[in-house]
Amino acid sequence: MDMTIRSRRLRSTPVLRKMVRETRMDASSLIYPLFVTEGEDKKEEIPSMPGQYRYSLDRMPEVLTEMADAGVPSVMLFGIPGQKDECGTGAWAEDGIIQRALLKAKKEVPDLYYITDVCMCEYTSHGHCGILTGDQVDNDKTLPMIAKTALSQVQAGADMVAPSDMMDGRVGEIRHLLDQNGYTDVPIMSYASKYASAFYGPFRDAAGSAPSFGDRKSYQMDYHNRLEALKEVKQDCKEGADIIMVKPALSYLDIVREVRNTVDLPVAAYSVSGEYAMIKAAAMKGWIDEEQMICETTAGIYRAGCDILLTYFAKEIAGFMKEGRIG
Ligand code: PBG
């Protein structure tokens, strides 16, 4: 048979398959999202995210050490405050949950790199990501609060801030305030294209941050749109973002690829709580192989073009990379 091109030739042994692998990844690009809460001696399992917990500050070092030992270099902290109010003042309080978490984390596990989510929804009594005027989130009233929150986190020790509120102009506002205060070297990872997604459901259970009325569609993006993501990304680049994020990941791999091809900044993808919950639930039913599913979805997200991956499976993925199963 006259067939010179045989693609199977390069698939014939494990060594060869690995040699010609197109997508390379390693644990240095993983970020683990972590929930911290008030109280003592708490490691509460999140019902819709089996294997994920809310930690009180005294128990938080356990999980930080686990991550460091696994080779996961960075965590993204989310705070669940004891009290919420109309304006979300707990977000920037000097003794707020995140600010105290940062002080303790940096002291006890200083080798990790600490990123903070900058948003108001965990701190407002109405659960929206900003200040309300009537029943609308007021963009321009929210901006100074978001910037103030970012500054207070940096003052408490955050190495990087990641605004997730989706107000227009927030990257510029944060950059300006950080610079004014001498923090010119603290990077901003912008949740630039963040879609209004049902995949955040388990996170909102975990953080008690579901909106008490309405939804987030007037500030998070419509999932029918692609060009709008590029517009958001370009605007955040202009305002001084250092890293661009696409969120969620699995249903938005086309966006990850397109953003990768469009910008010259590092691109992060956030594989969100609902993506974690789907794999866990199906695995608990015995319907899928959890480990293989984690490996395949992870490689898929990197193949789409991300440089950085935020995932609740960070520790497991770092383990699979070490074993050489992926990477
Ligand atoms: C805060 C925020 C959310 C997530 C990250 N930051 C929730 C939301 O926008 O409702 C979701 C993360 C996840 O689902 O894992 N605004």
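**Reading one residue, then the chain**

Guide: In this predicted model, glutamate 232 is part of helix H7, which spans residues 227-239.

Visitor: What does the UniProt annotation say of Glu232?

Guide: The unreviewed UniProt entry records Glu232 under "binding site". Such annotations may be inferred rather than shown by experiment.

Visitor: Why does glutamate 232 count as buried?

Guide: Burial is judged by counting C-beta atoms within 10 Å, and 20 or more make a residue buried. Glutamate 232 has 22 C-beta neighbours inside 10 Å and therefore counts as buried.

Visitor: Which residues is glutamate 232 in contact with, leaving aside its neighbours within four places in sequence?

Guide: With those neighbours set aside, glutamate 232 makes contact with Ala192 and Ser193.

Visitor: Which residues surround the ligand?

Guide: The ligand has around it Asp117, Cys119, Cys121, Cys129, Ser164, Tyr200, Phe203, Arg204, Val272 and Ser273. By class, this shell holds 6 nonpolar, 2 polar and 2 charged residues.

Visitor: How many helices and strands does the chain have?

Guide: There are 11 helices and 12 strands in the chain. Of its 327 residues, 44% are buried.

Visitor: How does one read the radius of gyration of the chain?

Guide: One sets the value beside that of a compact globule. For 327 residues such a globule would have a radius of gyration near 20 Å, and the chain agrees because its own value is 20 Å. Along the principal axes, the C-alpha atoms fill a box of roughly 75 × 45 × 40 Å.

Technical notes:
Residues numbered from 1 in each chain as written. Predicted model: local features only at pLDDT ≥ 70, side-chain atom pairs only at ≥ 80, totals over all residues. Near = placed C-beta within 6 Å. Nonpolar A, V, L, I, M, F, W, Y, C, P; charged D, E, K, R; others polar. Helix = DSSP H or I, 4+ residues; strand = E, 2+ residues; numbered from the N terminus. Buried ≥ 20, exposed ≤ 12 C-beta atoms within 10 Å, placed from the backbone. Contact = placed C-beta atoms within 7 Å. Rg over C-alpha atoms; globule rule 2.2 N^0.38 Å.
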